[in-house]
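Please look at the sequence and the model below before reading on.

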Amino acid sequence: MVNNTVLVGRIANDLELRQTQNGDSVLNCTIAVNRGFDHNADFIDCVAWRQTAEFMDSYLSKGALIAVEGNLRTSTYENQDGRKVKKTEV
């Protein structure tokens, strides 16, 4: 089985670099990807780790054109209201 995703789009939010408790760098962002056949875009959540996260924080900003390659991952968690939330990200 193959789980590989390639996206080309623009960074849709301000980047924020954080550190995990282990000291690893992590950066979350949203990529706006045009559908091509209409004027709509899909907004895809992406996560970068370690050196990639630090590079993105140093050299990229909101609106930058970016290519992303990674795996789709789906997780489920409970929000503050106690409702189950399903999240898919690259």
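The side chains of T30 and D45 are joined by a polar contact of 3.1 Å; a polar contact is a pair of N or O atoms within 3.5 Å, where within protein one must be able to donate a hydrogen and the other to accept it, and residues adjacent in sequence count only if both atoms are side-chain atoms. The model is predicted, so local features need pLDDT of at least 70 and side-chain atom pairs count only at pLDDT 80 or more, while totals for chains, interfaces and linings use all residues. Residues are numbered from 1 along each chain as its sequence is written, and side-chain values use heavy atoms, with hydrogens and water left out.

- T30 belongs to strand β3; helices (H or I, at least four residues) and strands (E, at least two) are DSSP runs, numbered from the N terminus.
- With a relative accessible area of 16%, T30 is buried (buried means under 20% relative accessible area, exposed over 50%, partly exposed in between, with a 1.4 Å probe and protein chains only).
- Beyond its neighbours within four places in sequence, T30 is in contact with R10, I11, A12, N13, F43, I44 and D45, where contact means heavy atoms within 4.5 Å.

**Strand pairing**

- Strand β1 (residues 5-11) pairs with strand β5 (residues 65-70) in the antiparallel sense over 6 bridges; two strands pair if DSSP finds at least two bridges between them.
- L7 has V68 as its bridge partner in β5.
- β1 and strand β3 (residues 25-34) run antiparallel and are joined by 2 bridges.
- The bridge partner of I11 in β3 is I31.

**The largest pocket**

- The volume of the largest pocket is about 360 Å³; grid points are joined across faces, edges and corners, and a volume is the space filled by probe spheres set on the points.
- Its lining has 17 residues, and V47, A48, W49, E69 and V90 lie nearest the centre of the pocket (on a 1 Å grid over the protein atoms alone, a pocket is an open set of points where a 1.4 Å probe fits, with protein on both sides within 12 Å along at least five of seven lines, and lining residues have an atom within 4 Å of a point).
- β5 gives the most to this lining, with 5 residues.

**Residue W49**

- W49 lies in strand β4 and is partly exposed, at 42% relative accessibility.
- Apart from neighbours within four places in sequence, W49 is in contact with T20, S25 and V26.
- From C-alpha to C-alpha, W49 and K86 are 21 Å apart in space, and they are 37 residues apart in sequence.
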